[in-house]
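Let us walk through this structure step by step. Keep the sequence and the model side by side as you read.

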Amino acid sequence: MTRQWDPAAVDEASDPDAAAAFAAAFDRLGGTLAIEKRGDEPGRDLFRELRWHMREMIRMGREVPPPQLTTGDIYLDFVDNATFNAAAIKLDGHELIGIYSGAIFLIYNYFSSFLSDPSVLPQIGNPSVETKDEETLAALRDRHLSDIAPRRPLDPTRNLAASRFAWGATCLLFLHEARHHMAGHLEFMRDEFALRDYIELPALPLSPEECAIRRALEFDADLGAAGTHMRWWLDAWGTNRIPELEALPPALSWCICVAMLYKIMDAEQMDRPFQLATHPPAIARWLYTAFTANQANYIGVSIRLDDAFFEAGQSEVVRWWNENKLPVPKSANLSSVRSAIEHVRSTYDDHGKIMPRVRRFAEHRASEIRNRYSNP
Ligand SMILES: [Zn+2]
């Protein structure tokens, strides 16, 4: 059952052993973000609420029946690091997910700036009071942002809408990380490259071979996260937890969350030729994510997933992005739909090659967790 966030709630998911493993695993990457020590109340409350929602998703994903993959005892927290990144790490038997504080800031800044533009989604709130936030746009262009947006959309509904979108995109990032654990990607990478950590955007360039495998795993994580995220978003919409976005069909608001997150991650990927990129280009990720979500079977959801929403959501984000000359890495400069399809195809082929082995790791993990729960 879906529970509501209560700001007065104490944090239920504090497992001291997992918290210690988290602190040790992320020590060299910035350490655990001390949320309670943050001086600013909006920032503190934001992190508390986000963490609660993500831990709630872990709780809800724990007892799903096979063949769905269980979240098990994944432990989530934030890393005190102002760059955009996220990582899935396994240490001393603890499955950990660290979302960097910089990822949260950047996602909130992008959406804040997006809704501050009066030409964006005029059906939300009163866009006539908005003016473009040129300062934040310039900072986004220079990739120079260190904290929560200094300026928010002026219309209260648009301000809240920006937060809801950012919340949705953050939860997609989290589900994607969870998928790296649940689908056996860490064990596979350990077996293949003796890696312990799966850091989304590694600082150092990797070999073309490792990059190709990573893109295939990213594809797998995106596919797994897409269906879950869409169901979760439609449920939030259906239970009136995103009322500021009710002017939009839920499939359209969902598309905007997804398209924006992929654009941001693309911008944060270093300028590398495709062979050395760790993630497929945003447009390719967008194409197969939309396709998967559209194919999935949403029993009990009484909305029609019209193709038009998929197109409209993506084009609203891309139009705004290009109009404001926001960063696009060289590897993402796809000249045609055909080249985007070729990227999807080559990633899909690589995915097919490694999947039989990856799935064995996932099945092994799932049965180990089921045994642990049945023999506590
Ligand atoms: Zn990933």
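Confidence in the protein is highest in β3, at 97, and lowest in helix α9 (residues 282-295), at a mean of 80. These values are pLDDT, the predictor's confidence in each residue, from 0 to 100. Helices (H or I, at least four residues) and strands (E, at least two) are DSSP runs, numbered from the N terminus. This is a predicted model, in which local features need pLDDT of at least 70, side-chain atom pairs count only at pLDDT 80 or more, and totals for chains, interfaces and linings use all residues. Residues are numbered from 1 along each chain as its sequence is written.

The protein averages a pLDDT of 87, and 89% of the residues score at least 70. Over residues 299-303, pLDDT stays under 50. For that stretch the model has 4 contacts beyond four places in sequence. A contact means two C-beta atoms, placed from the backbone, within 7 Å. Where pLDDT is low, the predicted coordinates should not be read in detail.

Now the sheet. It is open, with 4 strands in the order β1-β3-β2-β4 and mixed pairing. β1 (75-79) and β4 (197-199) stand at the edges with a single partner strand each, so one side of each has no neighbour in the sheet. From one strand to the next, the twist averages 20 degrees. Two strands pair if DSSP finds at least two bridges between them.

Take the pairs in turn. β2 (residues 86-91) and β3 (residues 94-100) run antiparallel, joined by 6 bridges. Leu91 has His94 in β3 as its bridge partner. β1 and β3 run parallel, with 5 bridges. Here Val79 is bridged to Tyr100 in β3.

β1 is largely enclosed by the rest of the structure, because 5 of its 5 residues are buried (20 or more other C-beta atoms within 10 Å; exposed is 12 or fewer, partly exposed in between; C-beta atoms are placed from the backbone).

Helix α5 (residues 156-182) lies across β1, β2, β3 and β4. It runs at about 150 degrees to β3. Axes are lines fitted to C-alpha atoms, for helices over the stretch in contact, and angles run from 0 to 180 degrees between N-to-C directions.

Which residues does Phe174 contact, leaving aside its neighbours within four places in sequence? They are Met54, Met57, Leu76, Ile97 and Ile99. Phe174 and Ile99 are also among the residues that touch the most other members of the largest nonpolar core, which has 106 residues. Such a core is a set of buried Ala, Val, Leu, Ile, Met, Phe, Trp, Tyr and Cys residues joined through C-beta atoms within 7 Å.
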